[in-house]
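Have a look at the model first.

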Amino acid sequence: MIKLIIFDLDGTLLDTIEDLANATNHALKQFNFPLHDTATYRFFVGNGINKLIERALPEEHKNADAISMVKHEFLKYYLFHADDCTKPYPGITELLTKLQQGGYQLGVASNKMHDATVDLVKRFFPGISFTSVLGQRDGIPVKPSPEILNEIVSTAGVLKSETLYIGDSGIDAQTAIHANIQFTGVLWGFRPRRELEEAGTERFVEKPEEILFNL
């Protein structure tokens, strides 16, 4: 029986792509690097901020110095614009409310910066009491390392067999496999079904309410 449900954030609970794209393009523009359309960023995000910046940079500038400079400008901008366009996907708030009322423990495991993860969860889901909300932190490997899921499971005091992880990308699927935790892929997020399938996903949902019937 599932007792703990852990969600990815970007592309699963929140549609953050426009704000991420705007922040990255703003940072790139400061150094006259080429910009990208919002749709392209769907395939840049997911592995943490450093990888996002690296993917957005031109090939000849994919180095530590350029990543550091652009990251600095990204963080300055994103700090004040993280929720300009961001919003929960339709049905997500209702789903979380029903799960909480049903007695499930809830968690968030994201490769987004930890402070931004916590702030956005508080901003958009103030009525939900999450057991643990974790983002990218210094010294902790990002997903697909299983460490973030293992930490949330430990905090919740449940078994891995009682845990479900829900995400929208192959990275999320790999994280669940590495952690030996059940996984469900959502089809409303940033990445296509094919990516999830290639990462080993077998269970999918097209709408948030379907999660309630798959527990």
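The charged end of Arg123 sits over the ring of Phe124, 4.5 Å from its centre. "Over a ring" here asks for NZ of Lys or CZ of Arg within 6 Å of the ring centre and within 35 degrees of the ring normal. Keep in mind that this is a predicted model, where local features need pLDDT of at least 70, side-chain atom pairs count only at pLDDT 80 or more, and totals for chains, interfaces and linings use all residues. Residues are numbered from 1 along each chain as its sequence is written, and side-chain values use heavy atoms, with hydrogens and water left out.

**Charge over ring**
- Arg193 also lies over a ring face, that of Phe204, at 4.1 Å from the ring centre.

**Ring pairs**
- Rings of Phe, Tyr and Trp (its six-membered ring) pair if their centres lie within 6.5 Å; planes under 30 degrees apart are stacked, over 60 edge-to-face, and the rest tilted.
- That rule gives five aromatic pairs.
- One of them is Phe74 with Tyr78, stacked at 5.2 Å centre to centre with 20 degrees between the planes.
- Tyr165 and Phe183 have ring centres 5.9 Å apart and planes at 50 degrees, so this pair is tilted.

**Where the pairs sit**
- Phe74 and Tyr78 are both in helix 3 (residues 64–81), four residues apart, or about one turn of the helix; helices are DSSP runs of H or I, at least four residues, and strands are runs of E, at least two, numbered from the N terminus.
- Tyr165 in strand 6 (residues 163–167) and Phe183 in strand 7 (residues 182–186) are 18 residues apart, so the pair links distant parts of the chain.

**Burial**
- Tyr165 is buried at 0% relative accessible area, and Phe183 counts as buried at 10%.

Definitions and conventions
Buried means under 20% relative accessible area, exposed over 50%, partly exposed in between (1.4 Å probe, protein chains only).
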